[in-house]
Amino acid sequence: MIDILAPLNQEYSLEIPDHPGVLLIWLVWFAILVVLGIRFNKQKFQLNRSNLVWFAALSLSILLLTPFFGLAVGENPGRILGDQPFNHLMFLAAVPWMLAGGLLGVIPGAMLAGVSGLLLAYLDTHNIFTPLIFISISLVYGWHINQSYRTLLFKLLRSPLLAVIFSIMTAFPFVLFSILIIMEGSLALRLAAAFETILSNYFTLAGMVMIGGVVCVVFKRLFRKVWGENSDTRPSPFETSMIARWLAVMVPLFVALWALSTYFTWLVAESKAQEIVVSELTETARQVSGELSLVNEINATLMDEVDFSANRLGVKLLQSMETFTANGLRVKLVTDEGLILFPNEENAQFFEGRTFSTPTYFEESDTDGSQTINYYQPFPEGQWAVILSEPQSTISKMAWETAAPVFVVGFGVIVIVIFGLAISWSPVKKSILQWDSAIDQFHAGNLDIALPERPLSGELNLLSGGIEKLIDSFRAKLENQFDLSAVNKETSGRLDLEGSLDVVMKAALMHNVSAVRIILPWAAATNREGDQTQRFGTGKHARLLMPLDDQVLSRVQESGEFILDNFQAGKTLNLEKGMPFPASLMAYPLATEGKPFGAFWVSYQDLQSPGDEDFAYFKALAKKASLVVSNNYIFNQTTILKERYEKALATMPDAVFLIDQDGKVLYQNLPAEDLSKRLEFREGDDPDTFRLRKTIFSGAINENSTEPVSDEVLLDGGNIYQVMATPLDIGDQGNGRMIVMRDITQEKEDDLKKSEYVTTVSHELRSPLTLIQGYAKILRLTGNLNDQQGDYVDNIIEGAEEMKSLVHNLLNIGRLEGGEPLEFKQVFAGDLIQKVADSMSAQAKQKNILLNVERPNQQTIIEGDTTYLTQALKNLVDNSIKFTKMGGEVVLSILDDGNNVTFSVLDNGAGISPLDQRHVFEKFHRSGSSPDGKQKGSGLGLAIVKSIAEHHSGKVWFESQLGQGSIFYLQIPKNSSMK
């Protein structure tokens, strides 16, 4: 198997530190992670089948993805005494727990991260802090994925890729802290080791997390339904807390600056310390080399058997090298054969390190694994050499001495800034809470709240002053609204002008003005004839300032409302001697529908500069005064109109009733009062009279039509009245009706006499017409007639036929109006229209008109007089054929709605003009001409149809458009005999 598939160490173990402090730090860190996991767990893990399957699958994937598919990132430097938290970049190690954070929530993701980190620590790093780092990153990532804050920043952080980037940014302190804790030695050595290895460990962890984030992005796109999404959002800490917003920006900035400054200071100090150590090693080597040269000159003959103790200079050399050794510097003196002359051991030892022909500086690991800095200085003759060694820890200590102040001071500054902000924010927060409580009380309607004391200075003082002004302004507006509401309440329903205006002026006087004036210069405004100007005033100086009315009115008429403050009234208006000098003056026009008719003005004696609330209040009072005057004018006009209408109605001979929607009489004129006495129901009277009253009024009210309706009623005593009901809007009392009752008894008697006379004449004409028609036909049989004689005979026969038709129609009208009873029986509606169509087919064929019948699938039965219904339908069809052009079409159809049967006759003829439509069903009315240019018919056909419909409790109507045809409807109830 290649290394990338199984890169982990062969030694599987988990090293537990011996130091109890390290274990305590591990336990504290783990406890903090548990608490944070519980707090971050907004998305509760539900134990359903789907979640358990995902959790089991991701748990098993840890065993495959954590120990395999990785790459080594470097070796452990010699000066690091302990295992690093990350030795290999395991490509897919973070994928399972990052998927769990998005699919299942914070807690499941943290659990799988801990298992993955523990497995990686056992197989590779042997570092107990590896699982804690994984859990920490998992909590940060899971919180970003599952948080439900509504601002744009937090919405973006819910995406896996941005959540990963932010998690990687927060991972740096976790890795650095774990390296510092697990190492041994002094703090300087630990910092040196941490700064040397932090980048390799950090980028190893970042690579694993970034790969997991990319996998999560792809997974979310493919499985969007199972990925956790927060539908409910809430305000973010940045929206609810200013201190949180400040800390979120400043603390990371301070920490980053502190870390960078410490890191770069350390690098500079370490480089400087290394230069110092190398310089010291070089100087020491030169000193030792010089002393060795002197010893070598004295003992030139004994080069290979030098006894340093045999001469005074040798003893001095030994003392110097022992001094260097006592100061921490390691000194070795070796021959060209590698024999170590110093330090002098009992048994001869040889130098096994590297040798050089020239002075050389180099680094290497000592036998105990620690790093050392070495300097090799050969003897000029090449027989001896001096080797100086300095521990790397010396450089680290020197660098720490330089970087420690920056580290400590920077950390102290961060702590001081945070605590200083908290302390300085405390009074600000206290003031804000006090103002918030005061605003809540004010919002609840408590206008007498005690406002918090202002801070001594600063922007908060300006803010407090602004809130005070806002509350004072709002309080003034509320008080003004209360005053205006009281004015509205007192003036509503009042009809006297002076009393209503007095209420308005007293409301203005409550605002400490010295005078309130109202001028009404036109009689039309008050409806008082002969009174050109009405003046009203109240207040301490109202009478003294009355001479200014005309000047103020003139200014208002020219420019509308105007304000004079800071004693400008004396410069703008002509003040008389002894007149009070107004400090400020406000004037507003009185107008209705944009038309001015007067002025309203007030003056202050002491207040030089009124506020905006005062302007708005007096402007509202001026509008109220305008409304009072307008209402008074309207009331007066209405009263006059009412009196005029009552006089007009009183002179009418007809009875007029005005009733509401419940039938209650609101008004009746004198004829109506006389008639009402006959309609009243009293104990012992005929109950039919009371039912008749209910029929007249309630029936008219309950009529659904919005158009005027008309009917005829017969009262006890034999009088016949025509009742006309017209809908009216009567304001607050809803919809009512005006009912006009006209006595038409005499007209009915005259019509009856006319009908009897027409019937008598019609009967008398039948026999002569029959004889004329008979003899005209016999003339054709007496012999051959020339063409002219034949035409005369045809005209006689045709005229007789028309006369017989007219007589027949007159007799039918007479029988119907005379109350002749109808013979009701069941009739098949389909057979009826078919019979009519068959009888009219010959007449239709003469004009090449297509006569169609649309019969329903089921037989429809109605009750009616077959003869009269047939006559009515024939009249409708005859009219359609008569007024339809050659080649036209007439259609007969039936519509059954369950209670009624509606016959319709449709044609595409000439149509009926709007002027003729209102007279269509009147007797002897003929509308227009037929298409051939001749007027045909007696004008009784449609009148007969209407009478037949009414005798069957039905109705007839039509729809027509000139030039496009007409459609007539005849509606008959199925049980018309019961009605």
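What follows is a short chat about this chain.

Colleague: Before we dig in, what kind of model is this, and how many helices and strands does the chain have?
Modeller: Keep in mind that this is a predicted model. The chain runs to 979 residues, and buried ones make up 40% of them. Its secondary structure comes to 26 helices and 24 strands.

Colleague: Of the contacts between residues at least 6 apart in sequence, what percentage join residues at least 24 apart?
Modeller: Here we count contacts in the chain between residues at least 6 apart in sequence. The share of those that join residues at least 24 apart is 64%.

Colleague: Let's look at helix packing. How do H1 and H7 lie to each other, roughly parallel or roughly antiparallel?
Modeller: H1 covers residues 20-40 and H7 covers residues 160-182, and their axes come within 11 Å. They cross at roughly 155°, and angles over 145 degrees count as roughly antiparallel. So H1 and H7 are roughly antiparallel.

Colleague: And how many charged residues are in that contact of H1 with H7?
Modeller: H1 brings Val22, Ile25 and Trp29, while H7 brings Phe174, Phe177, Ser178 and Ile181. By class that gives 6 nonpolar residues and 1 polar one. As for charged residues in the contact of H1 with H7, there are no such residues.

Colleague: Now the open sheet with 5 strands: which are its edge strands?
Modeller: The strand order is E19-E21-E22-E24-E23, with mixed pairing. Neighbouring strands are turned by 15° against each other on average, direction ignored. Two strands pair on one side only, and these edge strands are E19 (850-854) and E23 (955-961).

Colleague: On to charges. How many salt bridges turn up in the whole structure?
Modeller: Side chains of opposite charge can pair when their charged atoms come close. One example is Asp878 with Lys882, at 3.6 Å from N to O. A search of the whole structure puts the number of salt bridges at 8.

Colleague: Staying with Asp878 and Lys882, which one counts as buried?
Modeller: Both lie in helix H24 (residues 866-882), 4 residues apart, about one turn of the helix. Asp878 has 22% relative accessibility and counts as partly exposed. Buried means under 20%, so at 15% the buried one is Lys882.

Colleague: Which residue forms a salt bridge with Lys974, and how far apart in sequence are the parts they tie together?
Modeller: The closest N and O atoms of this pair are 3.0 Å apart, and the partner is Asp896. Asp896 is partly exposed, with a relative accessible area of 37%. Lys974 lies in the segment after strand E24 (965-973) and Asp896 in strand E21, so the parts tied together are 78 residues apart in sequence.

Colleague: Last one: which residues are linked with Arg535 and Asp550 in a network of salt bridges?
Modeller: Asp550 and Arg535 form a salt bridge, with their closest N and O atoms 3.2 Å apart. Asp550 lies in helix H16 (residues 549-559) and Arg535 in strand E9 (residues 534-538), so the pair ties together parts 15 residues apart in sequence. Asp550 is partly exposed at 46%, and Arg535 is partly exposed at 34%. The network also links Arg517 and Asp549.

Methods:
Residues numbered from 1 in each chain as written. Predicted model: local features only at pLDDT ≥ 70, side-chain atom pairs only at ≥ 80, totals over all residues. Heavy atoms only, no water. Pairing = 2+ DSSP bridges. Axes fitted to C-alpha atoms, helices over the stretch in contact; angles between N-to-C directions. Salt bridge = Lys/Arg side-chain N within 4 Å of Asp/Glu carboxyl O. Buried < 20%, exposed > 50% of the residue type's maximum accessible area, 1.4 Å probe, protein only. Parallel < 35°, antiparallel > 145°, perpendicular 65-115°, else oblique. Contact = heavy atoms within 4.5 Å. Nonpolar A, V, L, I, M, F, W, Y, C, P; charged D, E, K, R; others polar.
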